[in-house]
Amino acid sequence: MLITATTILGVLMAVTMVFIRLKASKRPASKARIILPPLFMSTGAFMFLFPAFQVSWQQVIEAVSVGVIFSLFLIKTSNFEVRNGYIYLIPSKAFVFILFGLLLIRIVLKVLIGQTVSVGETSGMFYLLAFGMILSWRIAMLLKFTKIEKELNGTLTT
C-alpha cells in the first residue's frame, strides 16, 4: 500500500516537473531560479532527525552516488541560449523521456531495496538519491549559466 502511494506520488511529481520545466523555458533563466530548488529541497533533510529515516554512511554514499550518475542525463540535456539579451533554458525533447525513465528506474530500485531495507531507510536513501541528482544537476546548470552570462556581459561591455 505504502509503495503504491509513494509511486503514485512520484509519478505526479514527475508530471508536475515537466509542466514546471516547460513553463520555466518561457521566462529568462536566473541564478536564483537555478539555485532555489535544491535549497528548498534541502529542508527535507530534517527527516534524518527521526531514527526511522536514518541511514548508514555507506548508504548515504551509495544513494548520493547513484543520484549524481542519474543527473548526468539531465546535465547533458540542459542547455541555455541567448535571446534578446536574456539567457533562456532550452526545452529539451528528451527531458520528458529522461525524467520518466529515471522515475521508472527509481521505482524498480525502490521495490528491490524495499524488500531488504526498512521503509524509513528506503525513504531516506531515495531522498538522498533525489537530492544528489538535483544538486549536481543544478550546480552544472549554474556553471553553464555563469559561463554564458560572462560571455554575454563581455559582449555587452565591449
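In which sense do strand E1 and strand E2 pair, and over how many bridges? The legends below take up this question first and then turn to other parts of this predicted model.

**Figure 1. The pairing of strands E1 and E2.** Strand E1 covers residues 79–83 and strand E2 covers residues 86–90; the two pair in the antiparallel sense, over five bridges. Together, E1 and E2 form a hairpin, with two residues between them. In the turn, Asn-84 has a positive phi of about 55°. Glu-81 has Tyr-88 in E2 as its bridge partner.

**Figure 2. The salt bridge between Arg-83 and Glu-81.** The structure holds two salt bridges, and one of them joins the side chains of Arg-83 and Glu-81, with 2.7 Å from N to O. Is Arg-83 buried or exposed, or partly exposed? Its relative accessible area is 33%, so Arg-83 counts as partly exposed. Glu-81 is likewise partly exposed, because its relative accessibility is 30% and the class lies between 20% and 50%.

**Figure 3. The salt bridge between Glu-149 and Lys-31.** Here the side chains of Glu-149 and Lys-31 meet at 3.2 Å, N to O. The pair links distant parts of the chain: Glu-149 belongs to helix H5 (residues 119–157) and Lys-31 to helix H2 (residues 31–41), 118 residues apart. Glu-149 is partly exposed, with 23% relative accessibility. Lys-31 is also partly exposed, at a relative accessible area of 35%.

Figure 4. Which helices each supply at least two residues of the lining? They are helix H1 (2–24), H2, helix H4 (94–114) and H5. H1 gives the most, with 14 residues. By residue type, the lining divides into 31 nonpolar, seven polar and seven charged residues.

Figure 5. Over residues 6–22, the model is 100% helix and 0% strand, and the end C-alpha atoms lie 24 Å apart. Over residues 87–113, the chain is 74% helix and 15% strand, with 41 Å between the end C-alpha atoms.

Technical notes
Residues are numbered from 1 along each chain as its sequence is written. This is a predicted model: local features need pLDDT of at least 70, side-chain atom pairs count only at pLDDT 80 or more; totals for chains, interfaces and linings use all residues. Side-chain values use heavy atoms; hydrogens and water are left out. Helices (H or I, at least four residues) and strands (E, at least two) are DSSP runs, numbered from the N terminus. Two strands pair if DSSP finds at least two bridges between them. A salt bridge is a side-chain nitrogen of Lys or Arg within 4 Å of a carboxyl oxygen of Asp or Glu. Buried means under 20% relative accessible area, exposed over 50%, partly exposed in between (1.4 Å probe, protein chains only). Ala, Val, Leu, Ile, Met, Phe, Trp, Tyr, Cys and Pro count as nonpolar, Asp, Glu, Lys and Arg as charged, and the others, Gly among them, as polar.
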